[in-house]
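Biologist: Can you walk me through this one? Keep it short, please.
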Amino acid sequence: MCAAAAGQGRGRPVVADADPYGPRGRLPAGHPAVTDGSPGADGRAGRLPRFRRRAAGLLRWTSLRMRLVFVFALVALTAAVSASGIAYWLNRNTVLERTQNAVLKDFRTALGERAGALPVQPRCGELQDAARQMAAGPQNYAVLLIGTDSEGKECVAATDRELLTPQSVPDSLRTAVDTARPVDDANRFSHHLYWQRKEVGDVPYLVAGAKVTGGGPTGYLMKSLATERQDLNSLAWSLGIATALALVGSALLAQAAATMVLRPVQRLGHAARQLGEGRLETRLRVTGTDELADLSRTFNRTAEQVEQRVEELSAREAASRRFVADMSHELRTPLTAITAVSEVLEEEADSLDPMIEPAVRLVVSETRRLNDLVENLMEVTRFDAGTARLVLDDVDVADQVTACIDARAWLDAVELDADRGIVARLDPRRLDVILANLIGNALKHGGSPVRVSIRTEDASGTEHRCPPGAVHAGSGAAPSGAEPADGPASGALLIRVRDHGPGIPEEVLPHVFDRFYKASASRPRSDGSGLGLSIALENAHIHGGEITAANLPEGGAVFTLRLPMDASLLAGDERADDDGGAARTPGAGDDGARGGAEDGR
């Protein structure tokens, strides 16, 4: 509430000018009812946090583009909301102050002219006439005059008895109006004009009151602020629409800026993926001198260095493969002659001097070992060069395992758990290499008996001992009862080689298929070449299969060979041709024990 000091006129005190924002224009402390009840920005200010909460939900989108758009939108929203809030507050105060000052000025003037002209104790009719004359002014407010007649009775004159009555006037306002203040140099009048805002039925009103000093009547006014609130609501909607347009514009601007910024980053990402795929000639087009241009130049320099380094390593690897291949070929000629001589010496070993016989047998065994190593090296170079090819045929797996065991005289040490009739389309020579290395490795480093089991696996992962119809996996007519293409022919062949030895040390297990791997540095020499298991794994890979090694809980190690029932489905017809010039079965010599981890048990 604000107060207005009383002045003098026609020898009787009248209402002075309103000073609502002066140091004495407020109620003393302890009057909580005198508050600003206008609707305006207070109702809409609570909606702003909801917009921020919705915007905060965008944080879960972690792409750089969305973060840029979100930051742009957040900055624009903050600026727009701040500007709109300031504009709304300034316009709100201006509208309310203008209306309030005009109403209070008119009320002050009318109270001085109409009520000040009345006797100190007016009659009720005179008081009612004065109230009607005051309400007939241009501001269109209701008037309530309260006075005392000559008989000491209270007279109440109201222009709108439904709206403005003594009971509808706030108690805090009546107390402030009726309180007389001491008159001194700083306060020339004992009574002042006070005002406050209140709501009646969701309609804001301005309520003001003043008392004519010297015993005159007390007057109150009640002015509707519905028009002003409607104007402020229209202003709030306009500012809200402007804020929304600014937000949309900022989002579009952020999208454009993000596109400009992220396009080089996307090109960099695409180039990095191409570089990772092996396209070492990939380069970025550099334009400008900004940070992204510097990043593109750095990428080009890095790609160039990587390309040079890879070319150097490739050249060294190719030279190493050529060296091994050339050395192997060059060694075959003298080895052929040495092998022939050693075979002659072996035949005559029994007739030689007993002092010479051990040396002769050592030469014979080492010659055979060197011959096997050369053959293995030649096979490895074929795999490294990508020239190894499959020669596919329909193979009865059980017969193939039996032939491998029989050719190496292992029938007494190996148990076969398989049924005849499981036919797969594989390369029989390479399958023999795999079997010979796995079984020979188990016999040499594991414990007898070695058990070889053969199973098939369907598409669902279920193993079968001998599925019906799994008797022909190649082309041509299937025998009666054969399953369709989605049967075992499209499944997998599982061959497990288990021994009963101490197993493989856990630290050696990941390296059993490495070339020339030695589990113990104190035992650098072994009877094998150190390439057998590596060659077996490569032969499984060329079929589209895999070999895994594991230890069993009850003891011993198990090697599991998994091959497709029809390797032509993976290898293709172009790989199923004759491997001309192929050497004899590598890694599967007389003892068959060729393991990459031959010293690992």
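Predicted model: local features only at pLDDT ≥ 70, side-chain atom pairs only at ≥ 80, totals over all residues.

Biologist: Okay. Where is Ala 409 found, then?
Modeller: Ala 409 is in a loop. That loop runs between helix H9 (397–407) and strand E9 (414–417).

Biologist: Is Ala 409 buried or exposed?
Modeller: Exposed. Its relative accessible area is 68%, and the cut-off for exposed is over 50%.

Biologist: What about the phi of Ala 409?
Modeller: Phi is positive there, near 60 degrees, and Ala 409 is not a glycine. For background, most residues other than glycine have a negative phi.

Biologist: Which loop holds Asn 140?
Modeller: The one between helix H4 (124–135) and strand E3 (142–148). Asn 140 counts as exposed because its relative accessibility is 61%, and exposed means over 50%.

Biologist: New topic. Where does Leu 426 lie?
Modeller: Leu 426 is in strand E10, residues 423–426.

Biologist: Buried or exposed, for Leu 426?
Modeller: Buried. Leu 426 has a relative accessible area of 0%, and buried means under 20%.

Biologist: What is Leu 426 in contact with, beyond its neighbours within four places in sequence?
Modeller: Its contacts include Val 391, Leu 392, Leu 493, His 543 and Pro 564. Val 395 is also among them.

Biologist: How many residues apart in sequence are Leu 426 and Val 395?
Modeller: They are 31 residues apart in sequence. In space, their C-alpha atoms are 6.5 Å apart.

Definitions and conventions: Residues numbered from 1 in each chain as written. Heavy atoms only, no water. Helix = DSSP H or I, 4+ residues; strand = E, 2+ residues; numbered from the N terminus. Buried < 20%, exposed > 50% of the residue type's maximum accessible area, 1.4 Å probe, protein only. Contact = heavy atoms within 4.5 Å.
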